[in-house]
Amino acid sequence: PENRSGGLKTMIDELRKIDNDLHRLQEKRNALISADNRANDLALLSNVEAAQELYNAHDWRGLESVYTMGLQLLKSKALETMTAVEASKHHANIKPGFAFPKTMNMPGNLIMRRGVPIIVGAGSGVGKSTFARNIAAHNALKKIQTVIMSNEETKAEVLIGLFTIISKLRTGITYEFSEVENWLYQNRKNATIHKQECEVYYRFAEWVEKYVWIVECEYWPISKIIYGIEDSENHFGQYPECVIIDYIQRVEPEHNARTVTMREQNVQSSRMITNYAKTRKPVMLLVSQLNDAGRTAESTQFEKDATQKITIERDFDDTTQTFSDETQIMVKKNRKGMTGRARCFLDGKSGAFLPYTGWTPEQGKLNDSDRNHTAIGD
């Protein structure tokens, strides 16, 4: 009969499908019976299954309702308890953190940990944002996806800073921020002026954006900043490996926290960013202004919740009104590892942290005649 009509074969296939479906339902039922709070588990399962259908249908209002109900169910569930072995294996799955760039001369056993907030602190003008850009520059050269949430500088300003740093690291050529800015300004007025330099810069900008996603977030609350970080998955195709927030004193309070004290606002913000770091497990750098006492300005909560604290110090010359190039980078706090310090040099023109004055890349410094033909990042 199968060969004549195919009807029996179709019926047998349908019965097998029904049998498989019943088997899967029975497995779910057995799991629910053995679990605590069965009604909530079943309701949560229904919400999770409905979410995919609503997303495929672009039913955003329905999706919002489903997620709201699902979150309420999650809050009422008992916390998952892992055995000691399970917890250890889960911890072993976390990727190691990042070593400091070699150009900073830090000891090799000091790393920036994943999954925890790391405070990067310095006084005004010392180089905290420059340090963060150096981390992003080295990440780009290693093809490590990095998000910079910038609430002080514009995206273009951060890009120019990355250009001058990577130019120094890759070629030994020193470009100043104002020099590159002038290229762009003059070329905008007359396309024949600094044409080659601008071509190099724009090729660089296209290349670096593959690995460094910059979001302007001036006076955003932490919740919106986290949304901005999450949105970078649409750019990278994966969660970022490194997140930099520059800087935390310019974070706005949440809408529902505007009537509470500054301390309570900062407690709420710090908890939210700590939870994000723990959940997604990037290397999370929080750039922070330090006050005269060397503490996190305006709020100590971020510093309390941070697992590591990195401090940058440079001597200030009252005669010349300038900071010295010699720089001390110190890991002053590390709950889960060693502390230490290193001495390196900040090239004031390019913004690159170098192991010593006069340092050039291994391939040697390019001649001036090659300045306009260097494809940075190619």
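Helices (H or I, at least four residues) and strands (E, at least two) are DSSP runs, numbered from the N terminus. In this predicted model, local features need pLDDT of at least 70, side-chain atom pairs count only at pLDDT 80 or more, and totals for chains, interfaces and linings use all residues. Residues are numbered from 1 along each chain as its sequence is written, and side-chain values use heavy atoms, with hydrogens and water left out.

The mean pLDDT of the chain (the predictor's confidence in each residue, from 0 to 100) is 86. A value of 70 or more is reached by 87% of the residues. Over residues 363-378 the pLDDT falls below 50. This stretch still has 32 contacts (heavy atoms within 4.5 Å) beyond near neighbours in sequence. Where pLDDT is low, the predicted coordinates should not be read in detail.

Strands β4 (residues 146-150) and β6 (residues 242-246) run parallel and are joined by 5 bridges. Here V147 stands opposite V243 of β6.

A nonpolar core is a set of buried Ala, Val, Leu, Ile, Met, Phe, Trp, Tyr and Cys residues joined through side-chain atoms within 4.5 Å. Buried means under 20% relative accessible area, exposed over 50%, partly exposed in between (1.4 Å probe, protein chains only). The largest core has 58 residues. F100, M112, F131, L162 and V208 have the most contacts inside it. Helix α7 (residues 155-171) supplies the largest share, 8 residues. Apart from this core lies another, of 21 residues, including I273 and F302.

S350 is found in the loop between β12 (340-346) and β13. S350 is buried, with a relative accessible area of 3%. Leaving out residues up to four places away in sequence, S350 touches G161, T164, I165, K168, T174 and Y175. A polar atom of the S350 side chain lies 3.2 Å from the backbone nitrogen of A352.

How values were computed:
Pairing = 2+ DSSP bridges. Polar contact = N/O pair within 3.5 Å; in protein donor to acceptor, adjacent residues only side chain to side chain.
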